[in-house]
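User: I have a chain open and would like to go through it. Can you help me read it?

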Amino acid sequence: MPDEQGGLVNFSAPSTGSFASGTFTENGISFSPTTPGQGGIIVSGTSPNNYANPAGYAGNYMAILDGHSETLNFSHPMDIFGLLWGSIDTYNSLEFLLNGVQVGAIIKGSDLAAPIAASGDQLGANSNAYVTFSNLLFDEVILSSSGNSFEFSNVAAAAPEPSTWAMMILGFFGVGFMAYRRKFKPGPQLA
C-alpha cells in the first residue's frame, strides 16, 4: 500500500503548484516537464489524433504528446511504481533513476509481457491496463512518448518496508566485513 509520499495521484487537486503551470505536487509525487514547456498536460475526454481517455476511466489524466516527457520525483527511494496506462503504444516509455543514475533499461510499451498489447487500441482491455513495476529502487521516473500520446492516471508508488531496509543494511555490512577480512586476513607472523 503506497505511503503518504507516493499515494494515489488521479490529477484531481495538486497540493502545490498548478496543473496549468506543468509543475505541481499531488500526494507526495512531484511532477515537472523534463524539458521546460514540453511536459505532460492534464486533460479529460478525448482529442482525436492527440489523446484519448484510458478505456473505462472517467476523470482527469495526463497525456504526454509526441516528443514530450514528464519527470516524477520522490523525496526518498521507492521500490514499487504503478499507473493506469491508457492505449499503450510501442513508443511510450518509462525510465527509472536513483540519484540521477538510470536503474535497469528504459521500458517501452512494446517490452510489456502478454496479455498486455502495445497496440494503441483506445478501447481494448489488453492495451489499457493498470501496470505495476517492482523490485527496483528509484527516486525519479521519466515518462516520455515519441508519438501521440502516453495517457495515464492513478499513479502510485511505495517505499521499501523497514524490514527490507534492515536486511539491505545488514547485507551491505556483511559484504563490507567480508571484503575487510579478505584484505586484512591474518597470516603467519614473522619474528
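Analyst: What follows is a short chat about this chain, which is a predicted model.

User: How many helices and strands does the chain have?
Analyst: The chain has 1 helix and 11 strands. From the N terminus the order is β-β-β-β-β-β-β-β-β-β-β-α.

User: And how much of the chain is buried?
Analyst: Of the 191 residues, 41% are buried. The chain exposes about 10300 Å², and carbon and sulfur atoms supply 58% of that.

User: Thr25 next. Where is it, and is it buried or exposed?
Analyst: Thr25 is in strand β2, residues 23-26. Its relative accessible area is 17%, so Thr25 counts as buried, the cut-off being under 20%.

User: What does the side chain of Thr25 make a polar contact with?
Analyst: With the side chain of Ser30, at 3.1 Å. Leaving out residues up to four places away in sequence, Thr25 touches Pro14, Ser15, Thr16 and Ser30.

User: Changing topic: how many aromatic pairs are there?
Analyst: The count is 14 aromatic pairs. In one of them, the ring centres of Phe74 and Phe138 are 5.6 Å apart and the planes are at 75°, so the pair is edge-to-face. Phe74 is in strand β6 (residues 69-86) and Phe138 in strand β10 (residues 129-145), 64 residues apart.

User: Are those two buried or exposed?
Analyst: Phe74 and Phe138 are both buried. Phe138 also forms an edge-to-face pair with Phe81, with 6.2 Å centre to centre and 90° between the planes. Phe81 lies in strand β6 and Phe138 in strand β10, so this pair ties together parts 57 residues apart in sequence.

User: Which residues form an aromatic cluster?
Analyst: Phe11, Phe19, Phe24, Phe31, Trp85, Phe150 and Phe152 form one.

Methods:
Residues are numbered from 1 along each chain as its sequence is written. This is a predicted model: local features need pLDDT of at least 70, side-chain atom pairs count only at pLDDT 80 or more; totals for chains, interfaces and linings use all residues. Side-chain values use heavy atoms; hydrogens and water are left out. Helices (H or I, at least four residues) and strands (E, at least two) are DSSP runs, numbered from the N terminus. Buried means under 20% relative accessible area, exposed over 50%, partly exposed in between (1.4 Å probe, protein chains only). Accessible areas come from the Shrake-Rupley method with a 1.4 Å probe; for residues, only the protein chains shown count as cover. A polar contact is a pair of N or O atoms within 3.5 Å; within protein, one must be able to donate a hydrogen and the other to accept it, and residues adjacent in sequence count only if both atoms are side-chain atoms. Contact means heavy atoms within 4.5 Å. Rings of Phe, Tyr and Trp (its six-membered ring) pair if their centres lie within 6.5 Å; planes under 30 degrees apart count as stacked, over 60 as edge-to-face and the rest as tilted.
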